[in-house]
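Please look over the sequence and the coordinates before reading on.

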Amino acid sequence: MAKLTKKQKLAAEKIEAGKAYTLDEAAALVKEITTTKFDASVDIDVRLGVDPRKANQMVRGVVSLPNGTGKQVRVLALCTPDQEAAAKEAGADYVGLDEYIEKIKGGWTDVDVIITMPQIMGKIGALGRVLGPRGLMPNPKSGTVTPDVAKAVKEVKQGKIDFKVDKFGIVHTSIGKVSFEAEKIAENAKEFVQTLIKLKPAVSKGTYVKSIYLSSTMSQGIKIDSKSIE
């Protein structure tokens, strides 16, 4: 096990073992314990009382974070010529169709989100082997397959993210940067968790939100009292 640096030891001492913090306390604390020289991402991990192996318990959705993610999201809009100008104006970094499909076939995936139109999915289906493993395949459920490409581009640029529970029943995502004010981190976390609660499967029994942890890149996780969010 790697030895903790002096800064990491001091940060760890600020977290009380076994304590579940309120969301506001955790948002402030995650800023205090982050020792990285770069602007670290703030991550949230929520363990849900679901069995992801069953289709009727799969939790997946999208959320627009009120304060954005703090990340520069590179967006590719694969659309018809009549939507190209609007997509560019909305902030898409790359706009086009056939030329980008060929680039992707050649292995190019230098983007974070791909947005396209329903009538184009037939062409994009063949890109599944390249895009699928990288989580870049457009999907109607995540809002990345839509007739209004410009609107989707704008939403993504403003902080809309999609998420999906993993095979262990955990939903993990970034909800901001350490440079954010603590209040903004808390607001983003609350919006995310409340969205998860709205997506609770009807067949899910018992405790739905089992645990919530807030952390930053390379920092220790801070346990959050779920009651402070619900």
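How many of the eight residues of strand β8 (residues 209–216) are buried?

The model is predicted. In it, six of the eight residues of β8 are buried, so the strand is mostly covered, where buried means under 20% relative accessible area.

β8 pairs with strand β1 (residues 41–48) through seven bridges, and the two run antiparallel. Within this pairing, Asp-43 has Ser-215 of β8 as its bridge partner. β8 also pairs with strand β9 (residues 222–224), again in the antiparallel sense, over three bridges. There the bridge partner of Ile-212 is Ile-224 in β9. β8 and β9 form a hairpin, with five residues between the two strands. In the turn, Met-218 has a positive phi of about 70°.

## Nonpolar cores

In soluble globular proteins, nonpolar side chains tend to be buried together. The largest nonpolar core of this model has 38 residues. Those with the most contacts inside the core are Ile-44, Val-46, Ile-175, Phe-192 and Leu-214. Two or more residues each come from α2 (23–32), β1, β6 (160–164), β7 (170–177), α8 (182–198), β8 and β9. The largest share, seven residues, is that of α8.

Apart from this core lies another, of 31 residues, including Tyr-100, Ile-104, Ile-124 and Leu-136.

What does Ile-44 touch, not counting residues up to four places away in sequence? Its contacts are Val-171, His-172, Thr-173, Ile-175, Ala-189, Phe-192, Val-193, Ile-212, Tyr-213 and Leu-214.

## The largest pocket

The largest pocket has a volume of about 880 Å³. Its lining consists of 32 residues, and Asp-112, Val-113, Gly-135, Ile-161 and Asp-162 lie nearest the pocket centre. By residue class, the lining divides into ten nonpolar, 14 polar and eight charged residues.

Which element gives the most to this lining? β6 does, with five residues. At least two lining residues are supplied by each of β2 (60–64), β5 (113–116), α7 (149–158), β6 and β7.

How values were computed:
Residues are numbered from 1 along each chain as its sequence is written. This is a predicted model: local features need pLDDT of at least 70, side-chain atom pairs count only at pLDDT 80 or more; totals for chains, interfaces and linings use all residues. Side-chain values use heavy atoms; hydrogens and water are left out. Buried means under 20% relative accessible area, exposed over 50%, partly exposed in between (1.4 Å probe, protein chains only). Helices (H or I, at least four residues) and strands (E, at least two) are DSSP runs, numbered from the N terminus. Two strands pair if DSSP finds at least two bridges between them. A nonpolar core is a set of buried Ala, Val, Leu, Ile, Met, Phe, Trp, Tyr and Cys residues joined through side-chain atoms within 4.5 Å. Contact means heavy atoms within 4.5 Å. On a 1 Å grid over the protein atoms alone, a cavity is a set of points where a 1.4 Å probe fits but cannot get out, and a pocket is an open set with protein on both sides within 12 Å along at least five of seven lines; lining residues have an atom within 4 Å of a point. Grid points are joined across faces, edges and corners, and a volume is the space filled by probe spheres set on the points. Ala, Val, Leu, Ile, Met, Phe, Trp, Tyr, Cys and Pro count as nonpolar, Asp, Glu, Lys and Arg as charged, and the others, Gly among them, as polar.
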